[in-house]
Amino acid sequence: MAKPGHAWSRAAAKQGEAEEGEDPLDARIARTGCLEQHRQLQECMAERQDWRHCQEQVRAFGACMARRQQRE
C-alpha cells in the first residue's frame, strides 16, 4: 500500500520542484515526536475517506501535538 502524502507537496513536485525523499510536512511532524499518530491518522483518512470516522486518531494526534506545545 502506498504511503499517503500531502496533496500540496505532491502538486508542488508535479510542477517541477525536485522531491528529495520525505515529504517536508512529514519531516516537520517527525521532529515533534508525533509522527506515528500522524501516520495513523493519514492511514485512517486514506481508508475511510472521511475525517469524522477517524476521531480516535484525530484526538491522539491533537493530544500529542498539545503535549509538544506545552514542552516548548
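Here, a residue is buried when its relative accessible area is under 20%, exposed when it is over 50%, and partly exposed in between, with a 1.4 Å probe and protein chains only. On that basis, 25% of the 72 residues of the chain count as buried.

A word on the model: it is predicted, with local features needing pLDDT of at least 70, side-chain atom pairs counting only at pLDDT 80 or more, and totals for chains, interfaces and linings using all residues. Residues are numbered from 1 along each chain as its sequence is written, and side-chain values use heavy atoms, leaving out hydrogens and water.

The chain has four helices and zero strands, running α-α-α-α from the N terminus on. These elements are DSSP runs numbered from the N terminus (helices H or I, at least four residues; strands E, at least two).

| Group in α2 | Residues |
|---|---|
| Buried | Asp26, Ile29, Thr32 |
| Exposed, on the face turned away from the buried side | Arg28, Arg31 |

Now α3 (residues 35–48) and α4 (residues 55–71): they pack at an angle of about 155°, with axes 9 Å apart. That makes α3 roughly antiparallel to α4 (angles under 35 degrees count as roughly parallel, over 145 as roughly antiparallel, 65 to 115 as roughly perpendicular and the rest as oblique). Axes are lines fitted to C-alpha atoms, for helices over the stretch in contact, and angles run from 0 to 180 degrees between N-to-C directions.
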